[in-house]
Amino acid sequence: MTQQLFATDALLPTGWARNVLITWDGAGRITAVTPNAQPAGAAVAPGPVLPGMPNLHSHAFQRAFAGLTEYRGESQDSFWSWRNLMYRFAARITPESLEAIATWLYVEMLEAGYTSVCEFHYVHHDQDGTPYADDATLSLALLRAAQRAGIGITLLPVLYQTSGFGAKPPRADQARFIRSTDNVLSLLERLAPAAQAQGAVLGLAPHSLRAVPPGSLAAAVQGLTALNAQAPIHIHIAEQTQEVQDCVAWSGQRPVQWLLEHAPVDERWCLVHATHMTPQEYQDAARTGAVAGICPTTEANLGDGIFDMPLWLQHGGRWGVGSDSHACVNAAEELLMLEYGQRLSLRQRNVLAAAAQPEVATAMTLQAVQGGAQAAGRAMGGLAGLVVGQQADLVALDARHVALRDLPAHSMLSAHVFGSHRTSAIDSVWVAGQRRITGGRHTLHDAAAHAFVAARSATIASD
């Protein structure tokens, strides 16, 4: 059945347009985007309509310990001390708790303006590291959570084999993560029917160069390509300075440099974080067409550093945002943190505005939607957003929100990103043409929150 939405203002790939009639088919694909139209009996959006934001990097289980590591456990805390705490938490996750945590997280994402998520999934096995009777148990829990919440998902089972560069044996607290290369490819084949049934995308995530030896990386990429030549590939890269130093000690090269010389990096790849690169690496990585996966609130929370976005954009680099460890679940706040990080680093303002889009919130939204859709394996024809052929993933702002009221549309988006003060200015969200958020709330909000709190309490009970 054909459906329509009329927006007084809508953000198209070319910029803001007035009186836009958006039409989609029963499969949730946009069939027409008509500016300067009449409502013609269509539902009228409650405010400006934006393309839905893809969340290109998520570890769902980590949402349940957000806020629980903000104390000094060592003389100088870092990513590595945080990781030890995260491993303790990961060791206690059950299939039931993972599904409850992920369902609530995906409800939160939808309420916060995300319409799809790339789930970088590395907790595979039972608590002692033994595979479940059904090896796909935890992956299927994530697919069910996404289906129940109604969010689009790109599931990226993680290949994790070693604890450090030079094929160091895995640690005892990494036992739940470990898979052989053949095993992870078999998992993808096992998951394919379930993923296809709900319109999910499957890809692969070699965890990092420290966790996947060169031979395994090459075999995994080759095997994935044989299964699906378009499947996305995501990898953590150059997140921490210690990682860079260890890679140099192992190979004589920095992580991004090594990856570009030893792997077929192209548009299928998402380089998650890529925080610590040389100017030459920025240039070379951007030229591959790969997407930089920036996770500003997590990178700030973990003390990772600041990605040089102006340099990346200078070379035509593509990018998107992710909420990663979910210290924050808010698409607008990720954009705010990204821009503010650049301002603090450069002591300038409106750094990520573009010549064609001087409104920084508008410029960032368009770029993040396109890069995120590419990383999710969802962009069609090189475009993303409110375009014919694209999935009808839409976000309508609340024009009555005090931060937005009586402003022009482009200023409403700017106020949503920079001035809503942690209150949601989102009214409605559609995924594949299905309305999932109304009046800022998901129908599962209360039930999913209750189940999440119970799962979190059970998981941390022994602390």
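Predicted model: local features only at pLDDT ≥ 70, side-chain atom pairs only at ≥ 80, totals over all residues.
Residues are numbered from 1 along each chain as its sequence is written, and side-chain values use heavy atoms, with hydrogens and water left out.

I begin with S58. Its place is in strand β6, residues 53–58; helices (H or I, at least four residues) and strands (E, at least two) are DSSP runs, numbered from the N terminus. S58 counts as buried, at 0% relative accessibility. Buried means under 20% relative accessible area, exposed over 50%, and partly exposed in between, with a 1.4 Å probe and protein chains only. Setting aside residues up to four places away in sequence, S58 touches L105, M109, V117, C118, E119, F120, D324 and H326. One of these, V117, is 59 residues from S58 in sequence, yet their C-alpha atoms are 7.0 Å apart in space.

A second example is L142, in helix α3 (residues 137–149). L142 also counts as buried, at 1% relative accessibility. Beyond its neighbours within four places in sequence, its contacts are A60, L98, A102, Y106, E119, H121, I153 and L155. From L142 to L155 there are 13 residues in sequence and 8.2 Å in space, C-alpha to C-alpha.

Next, the nonpolar cores. In soluble globular proteins, nonpolar side chains tend to be buried together. A nonpolar core is a set of buried Ala, Val, Leu, Ile, Met, Phe, Trp, Tyr and Cys residues joined through side-chain atoms within 4.5 Å. The largest has 134 residues, and those with the most contacts inside it are F61, Y106, L259, W269, W312 and W319. Helix α2 (residues 95–111) supplies the largest share of this core, 10 residues. Apart from this core lies another, of 16 residues, including I22, A392, L394 and W430.

On a 1 Å grid over the protein atoms alone, a cavity is a set of points where a 1.4 Å probe fits but cannot get out, and lining residues have an atom within 4 Å of a point. Grid points are joined across faces, edges and corners, and a volume is the space filled by probe spheres set on the points. The largest cavity holds about 180 Å³ of space. Of the 17 residues that line it, F79, M86, Y122, H207 and H236 are the closest to its centre. Helix α1 (residues 79–90) gives the largest share of that lining, five residues.

The second largest cavity has a volume of about 120 Å³. Among its 15 lining residues, L50, M53, G113, A331 and H416 are the closest to its centre.

Finally, how many disulfides does the structure hold? There are zero, a disulfide being a pair of cysteine sulfur atoms within 2.5 Å. Take C270: its sulfur is 7.0 Å from the closest cysteine sulfur, in C118, and therefore too far for a bond. C270 is buried, with a relative accessible area of 0%. C328 is in no disulfide either, as the nearest cysteine sulfur, that of C295, is 12 Å away. C328 is buried too, with a relative accessible area of 8%.

Thank you for your attention.

Terms used
1 Å grid on protein atoms, 1.4 Å probe; cavity = no way out; pocket = protein on both sides within 12 Å on 5 of 7 lines; lining within 4 Å. Contact = heavy atoms within 4.5 Å.
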